[in-house]
Amino acid sequence: MSLRGRRVLVSAGPTFEDIDPVRFIGNRSSGKMGFAIAESAARQGADVVLVAGPVSLPTPAGVSRIDVRSAAQMHAAVMAALPADIYIGAAAVADFTPLSVAPGKIKKQAGVDTLTLELVRTPDILAEVAVHPRRPRLVVGFAAETDHVEQYARGKLEKKKLDLIAANRVGIVGSGFESDDNALVVYGRDGFERALGPASKIELADNLLELIAVRLA
Ligand code: CTP
């Protein structure tokens with residue numbers, strides 16, 4: 001099954017939400033899974049746009065890369081890159097961002113032992129793509145969960161109106177964010193369920209894209 005001629009839009013990596021000029025809120029996403037998906041899709045002949053959060057991974061061959069830092073920038077870049085045949089949201093987008101960025105470095109104050117940061121919700125890029133007037137034919141999400149993996153993943157599949165969701169358990173050795181290997185369970189709307197791996201992220205990307213290509217045929 002080939003992806004030749006298909007436009008595939010992938011988000012990858014963490015987002016960094018600035019607090020002041022020297023500090024930010026980030027997360028442990030390495031970007032490896034999203035980059036592997038972009039690489040695999042390009043190898044299969046797709047026209048791939050990769051919106052990447054702050055990671056220092058090399059750009060896969062034949063992939064158009066757009067670098068962003070924050071959830072707001074990732075949101076703008078993804079929306080600007082539509083339309084696409086397939087959207088795969090592999091990025092670990094921050095759910096909250098500071099209400100305002102301090103213009104100068106926040107200093108400690110004598111006698112004050114606490115600091116309160118006010119955070120606001122970021123746009124849910126995946127959910128917005130799934131109801132966009134130019135919705136890709138297939139919208140695929142990821143769910144990184146520490147527990148109740150199937151229940152939470154299926155909940156996100158329904159709530160965000162996705163076609164497929166790839167769930168992985170984080171917080172165990174040899175799986176998840178920083179690892180080269182991973183294991184996924186892919187769930188679909190129609191009750192579909194398929195376990196992939198444990199395998200390298202490249203192998204998993206190939207397997208996931210196979211499931212996707214079948215649905216586009
Ligand atoms: N996602 C997104 N925009 C956000 C938050 C999440 O596009 N602001 C996408 C991710 O790229 C991923 C999916 O939503 O494909 C699931 O992300 P996750 O953080 O696991 O789920 P949340 O909806 O944030 O739910 P919760 O934090 O409650 O687990």
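These legends describe a predicted model in several close-up views. Residues are numbered from 1 along each chain as its sequence is written, and side-chain values use heavy atoms, without hydrogens and water. Because the model is predicted, local features need pLDDT of at least 70 and side-chain atom pairs count only at pLDDT 80 or more, while totals for chains, interfaces and linings use all residues.

View 1. Helices (H or I, at least four residues) and strands (E, at least two) are DSSP runs, numbered from the N terminus. Along the principal axes, the C-alpha atoms fill a box of roughly 65 × 35 × 30 Å. Of the 217 residues, 47% are buried. Buried means under 20% relative accessible area, exposed over 50%, and partly exposed in between (1.4 Å probe, protein chains only).

**View 2. Strand E9 (residues 138-145) is mostly covered.** Of its 8 residues, 7 are buried. Strand E6 (residues 86-89) pairs with E9 in the parallel sense over 4 bridges. Two strands pair if DSSP finds at least two bridges between them. Look for isoleucine 86: leucine 138 in E9 stands opposite.

**View 3. E9 also pairs with strand E10 (residues 164-169).** The sense is parallel, over 6 bridges. Alanine 143 has alanine 167 in E10 as its bridge partner. From E9 the chain crosses through helix H4 (residues 149-159) to E10, in a right-handed β-α-β crossover. Right-handed means that, with the strands pointing away from the viewer, the path from the first strand over the helix to the second runs clockwise.

**View 4. Proline 58 lies in the loop between strand E4 (47-52) and strand E5 (64-67).** Proline 58 is exposed, with a relative accessible area of 65%. Leave aside its neighbours within four places in sequence, and proline 58 is in contact with Phe35 and Arg65. Contact means heavy atoms within 4.5 Å. Proline 58 and glutamate 203 are 145 residues apart in sequence. In space, they are 18 Å apart, C-alpha to C-alpha.
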